[in-house]
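Here's a quick tour of one protein model, written for someone who is just getting started. Take a look at the picture first, then read on.

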Amino acid sequence: MPKKYNSQILCVSSLIYFFAGTIIFKTNPYLAILLFAVTIFSIMYHHNFKSFNLKSLDWVFGTILFLYAFYIFKIQFDLYILIFLLLILGFRLMDHILFKTKRYGIFSYTHSLWHILSGLLIVSLFTLT
């Protein structure tokens, strides 16, 4: 299996965070701004994936986004939301462990799926709760 990094699909799938931010902007502008930052750093990192600084920023903003979402939904504790957050975190860990380290040729696609699922999860949590 080829070890090719498909930065184009990863950059395009990162736009889901911009989409989520535009939908959420009226109800939570701080989260929307955070999503816009996540979009920018995700695209920058995936376009230049060998840059340690961009990788660090991508991880920092992704972690802030996760913690912020967890904080918001912990205030309004709902078992289903907690399960969704844990599932999406589990998917991300599996994506990293199983695909990035062992099957790098399909990582670009599984990680793009991660972008889409996490972006849609954020939108659904804010529009359905």
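Let's start with a pocket: α2 (29-47), α3 (52-75), α4 and α5 (104-128) each put at least two residues into the lining of the largest one. Keep in mind that you're looking at a predicted model. The protein chain has five helices and zero strands, so in the order α-α-α-α-α from the N terminus on, every element is a run of helix by the DSSP assignment.

**The largest pocket**
- This pocket has a volume of about 520 Å³.
- Its lining is made up of 26 residues, and G62, T63, F66, R92 and W114 are the ones that lie nearest the centre.
- Sort that lining by class and you get 16 nonpolar, eight polar and two charged residues.

- The protein chain has a mean pLDDT of 81, with 87% of its residues at 70 or more.
- Within the chain, confidence is highest in helix α1 (residues 7-24), with a mean of 92, and lowest in helix α4 (residues 79-100), with a mean of 75.

- α1 has 18 residues, and at 1.5 Å a residue it should span 26 Å; the C-alpha atoms at its ends are 27 Å apart, so the two values agree.

**What's tucked away**
- The protein chain has 129 residues, and 41% of them count as buried.
- In α1, the buried residues are S7, L10, C11, S13, S14, I16, Y17, A20, G21 and I24.
- In α2, the buried set is L31, A32, L34, L35, A37, V38, T39, F41, S42, Y45 and H46.

- Is Y17 buried or exposed? Y17 sits in helix α1, and its relative accessibility is 5%, so it counts as buried because the cut-off is under 20%.
- Y17 and A37 are 20 residues apart along the chain, and their C-alpha atoms are separated by 8.9 Å.
- Next, look in helix α3 for L65, which is buried because its relative accessible area is 7%, and buried means under 20%.
- From C-alpha to C-alpha, L65 and L35 are 7.4 Å apart in space, although 30 residues apart in sequence.
- Where is N28? You'll find N28 in the loop between α1 and α2, and this residue is buried, with a relative accessible area of 11%.
- N28 pairs up with F126 across 98 residues of sequence, with 8.8 Å between their C-alpha atoms.
- Last up is L121 in helix α5, which counts as buried at 12% relative accessibility.
- How far apart are the C-alpha atoms of L121 and A20? They are separated by 9.2 Å, while L121 and A20 are 101 residues apart along the chain.

Definitions and conventions
Residues numbered from 1 in each chain as written. Predicted model: local features only at pLDDT ≥ 70, side-chain atom pairs only at ≥ 80, totals over all residues. Heavy atoms only, no water. pLDDT = per-residue confidence, 0-100. Helix = DSSP H or I, 4+ residues; strand = E, 2+ residues; numbered from the N terminus. Expected span 1.5 Å × (residues − 1). Buried < 20%, exposed > 50% of the residue type's maximum accessible area, 1.4 Å probe, protein only. 1 Å grid on protein atoms, 1.4 Å probe; cavity = no way out; pocket = protein on both sides within 12 Å on 5 of 7 lines; lining within 4 Å. Points joined across faces, edges and corners; volume = space filled by probe spheres on them. Nonpolar A, V, L, I, M, F, W, Y, C, P; charged D, E, K, R; others polar.
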